[in-house]
Amino acid sequence: MTDTTAPVLHDIDTKADIAHLLDRFYERVRQDPDLGYIFDGVAHVNWPDHLPRINAFWTNLLLGGDGSYQGNPMRAHVDLARKTPITPAHFDRWLALFTQTLTDCFAGERAREALLRAQSIAAVMQSRLYSAGLLETD
C-alpha cells in the first residue's frame, strides 16, 4: 500500500526558507515565456548579485530587518519599463507564479503574509508605473 497523502508543509521560519522560496520562484520566472525574456533578455539580471539582494528584501519583510537590504526596487522597475512594455498581465503572471511557488513550498501565517505582501507589491508597482505613464494598458 502506498501513501498518497500530501507532504505536510511548514511555515516560513528562516532565511534558508526564504532563499528556497525565491530560488524556486525565480527558476519558474526565468522559464516563463511571458516573464523570462524580461528578466534575462531585457534587464539582463545578474542572478548571483540579484538573489542575495532580493533575499535580503524578503527577509526584511517577513523576519524583520537586519539592515542588510539596500536598494530601490521601484527605481529598477521604472528603468525596466522604459526599456520594454510592462503590462498588468506581467504583474498577474508574476503574482500567479509567486502564489504557486509559495503554496507548493509553505503553509502558515508567514506564508500568508508573504502572499499579502506580494499582492501589495504588485499593486503598488503597477499603480506607480501607471502614474508615471509607463504601464502599457492597451
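Helix 3 covers residues 47-63 in this predicted model. At 1.5 Å a residue, its 17 residues should span 24 Å, and the end C-alpha atoms are 23 Å apart, so the two values agree.

**Helix 3**
- An α-helix has 3.6 residues a turn, so residues three or four places apart point the same way.
- Gly64 follows helix 3. The phi of Gly64 is positive, near 105°.

**Helix 4 against helix 6**
- The axes of helix 4 and helix 6 come within 11 Å and cross at roughly 50°.
- That angle makes helix 4 oblique to helix 6.
- Helix 4 contributes Pro73, Met74, His77, Val78 and Ala81 to the contact.
- Helix 6 contributes Met125, Arg128 and Leu129.
- By class, the contact of helix 4 with helix 6 has six nonpolar residues, one polar and one charged.

- Gly41 lies in helix 2.
- Gly41 has a relative accessible area of 44%, so it is partly exposed.
- Gly41 and Arg30 are eleven residues apart in sequence. Their C-alpha atoms are 10.0 Å apart in space.
- His44 sits in the loop between helix 2 and helix 3.
- His44 is exposed, because its relative accessible area is 56% and exposed means over 50%.
- Most residues other than glycine have a negative phi.
- His44 is not a glycine, yet its phi is positive, about 50°.

**The loop between helix 4 and helix 5**
- Thr84 is found in this loop, between helix 4 and helix 5.
- Thr84 is buried, because its relative accessible area is 9% and buried means under 20%.
- Leaving aside neighbours within four places in sequence, Thr84 is in contact with Tyr37 and Val42.

Technical notes. Residues numbered from 1 in each chain as written. Predicted model: local features only at pLDDT ≥ 70, side-chain atom pairs only at ≥ 80, totals over all residues. Heavy atoms only, no water. Helix = DSSP H or I, 4+ residues; strand = E, 2+ residues; numbered from the N terminus. Expected span 1.5 Å × (residues − 1). Axes fitted to C-alpha atoms, helices over the stretch in contact; angles between N-to-C directions. Parallel < 35°, antiparallel > 145°, perpendicular 65-115°, else oblique. Contact = heavy atoms within 4.5 Å. Nonpolar A, V, L, I, M, F, W, Y, C, P; charged D, E, K, R; others polar. Buried < 20%, exposed > 50% of the residue type's maximum accessible area, 1.4 Å probe, protein only.
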